[in-house]
Amino acid sequence: MRRVLEPLAVLACVLLVVGGGIWYYVAYAPAISQETVLYVPSKASYRQVCDSLRKAGFVNDYRFDLLAKIRKYPYYVKPGRYILTEGASTSKVVDKLRSGAQDEVHLHFGRVRCLADLAAKVGRQIEADSAALMALFTHPVRLGSFMLDGRPLTYETALACFIPNTYYIHWNTTPEKFLSRMIYEQENFWNDARRAKAESLKMNPLEVITLASIVELETNRQDEKADIASVYLNRLRRGIPLQADPTVKFAVGDPTLRRILKVHLKTDSPYNTYLYRGLPPGPVCTPSAASIDAVLADKKTSYLYFCAREDFSGYHAFASNLSAHNANARRYHRALNERKIR
């Protein structure tokens, strides 16, 4: 009897070792030859995931198929962006995908001049494309269901939700969730100190952001933003039209204009602050936090006018009366003509 059992025991050990080796190879041997970013779209099927892995160069994808089915992954496909590290085993890959432990996108956008530009930039970084984002931004009912500072959003005010920055966000974020996240970030930005400063200006956050968007487009020089803001605040207080060139460019629909001509100033639009007093209906770009804080700083000056310096340094010449401003403007326009800038 012992002679029969001993060979069986040896065979069992051999089978155990061989089976263990096969299992190790299937589950724990390195399966990713180089770091791979895998995108699993919403409503993707298990087969689509397998195809994507194959295209990404997944080593021996039959191992993935075997282990995935053992762990019932085909029934638990979760969308998202997944970073598969070099040398990761099949087991780690399956477990990561099955759990939905996706890696966030570092979503970045800087200054943009309109919702379409924003949608284009964001749509290149998350699953929702620009068309899906614009479908939300241009739908009055859907957009109006969102509130910013207690007010329903409109197409004109929606740009105020977005502060240029880098945000960590899931790739498969829907347009609605993206907008909700931006509103959340905006409301966090408006802490008690900033709200108190806005109240001292007798302005609400939307009005501050709208004015800051003009300041943002008037200068790239951080150290003069407060001076630019003071000009417009002084004009608002005195009931003088803002006469802000960025609002005319927005009204015309051409942000590339180098010179504002009389024909542009006649554009009938509520954004044309040469024709209409007060602030435009909403921001003309997404202002930076620095521009918003420049408005809130409420720098005390007597300035009512400014124009670009004739040295093209990016800085501006400020004036408290029209005659001084006209002298500054003549010098600048002379410089433009000399350089044949039209």
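Me: Which residues in helix 2 are buried?

Reply: In this predicted model, the buried residues of helix 2 include Tyr46, Val49, Cys50 and Leu53. The word buried is used here for a relative accessible area under 20%.

Me: What makes these buried residues of helix 2 line one face of the helix?

Reply: Seen down the axis of helix 2, its buried residues fall within an arc of 100°, so they line one face. An α-helix has 3.6 residues a turn, so residues three or four places apart point the same way.

Me: What do the buried residues of helix 2 pack against?

Reply: They pack against strand 1 (36-40), helix 3, strand 2 (80-84) and helix 4 (90-99). After helix 2 comes Gly57, with a positive phi near 85°.

Me: Why is the pairing of Arg47 and Asp65 called a salt bridge?

Reply: The N to O distance between the side chains of Arg47 and Asp65 is 3.1 Å. The cut-off between a side-chain nitrogen of Lys or Arg and a carboxyl oxygen of Asp or Glu is 4 Å, so the pair counts as a salt bridge. Arg47 lies in helix 2 (residues 46-55) and Asp65 in helix 3 (residues 61-70), 18 residues apart, and the pair links distant parts of the chain.

Me: Why is Arg47 called partly exposed?

Reply: Its relative accessibility is 40%. Partly exposed lies between the buried limit of 20% and the exposed limit of 50%, so Arg47 belongs in that class.

Me: How do you know that Lys69 and Asp65 are separated by about one helical turn?

Reply: Lys69 and Asp65 are 4 residues apart in helix 3, which means about one helical turn between them. Their side chains meet in a salt bridge at 3.4 Å, N to O. Lys69 counts as partly exposed, at 46% relative accessibility. Salt bridges that share partners join Arg47, Asp65 and Lys69 into one network.

Me: What makes Lys96 and Asp103 a salt bridge?

Reply: The closest N and O atoms of Lys96 and Asp103 are 2.8 Å apart, and the cut-off is 4 Å, so the pair qualifies. Asp103 has a relative accessible area of 21%, and is therefore partly exposed. By the same rule the count comes to 15 salt bridges.

Me: Which residues have the most contacts inside the largest nonpolar core?

Reply: They are Phe137, Phe162 and Leu179, in a core of 59 residues. Among the elements that each supply at least two residues of this core are strand 3 (105-109), helix 8 (175-189) and helix 10 (205-218). Helix 10 gives the largest share, 7 residues. Leu179 touches Leu136, Leu143, Phe146, Leu153, Cys161 and Phe162, leaving aside residues up to four places away in sequence. A second, separate core has 19 residues, including Ala44, Leu67, Leu84 and Val93.

Me: How many helices and strands does the protein chain have?

Reply: There are 15 helices and 8 strands.

Me: Why is the protein chain called more spread out than a compact globule?

Reply: Its radius of gyration is 30 Å, whereas the globule rule gives 20 Å for 342 residues. The value is well over the rule, so the protein chain is more spread out than a compact globule. Along its principal axes, the C-alpha trace spans about 120 × 45 × 35 Å. Of the 342 residues, 42% count as buried. The protein chain exposes about 18100 Å², with carbon and sulfur atoms supplying 54% of that area.

Notes
Residues are numbered from 1 along each chain as its sequence is written. This is a predicted model: local features need pLDDT of at least 70, side-chain atom pairs count only at pLDDT 80 or more; totals for chains, interfaces and linings use all residues. Side-chain values use heavy atoms; hydrogens and water are left out. A nonpolar core is a set of buried Ala, Val, Leu, Ile, Met, Phe, Trp, Tyr and Cys residues joined through side-chain atoms within 4.5 Å. Buried means under 20% relative accessible area, exposed over 50%, partly exposed in between (1.4 Å probe, protein chains only). Contact means heavy atoms within 4.5 Å. The radius of gyration is taken over C-alpha atoms; the globule rule is 2.2 Å times the number of residues to the power 0.38. Accessible areas come from the Shrake-Rupley method with a 1.4 Å probe; for residues, only the protein chains shown count as cover. The arc is that of the directions from the helix axis to the C-beta atoms.
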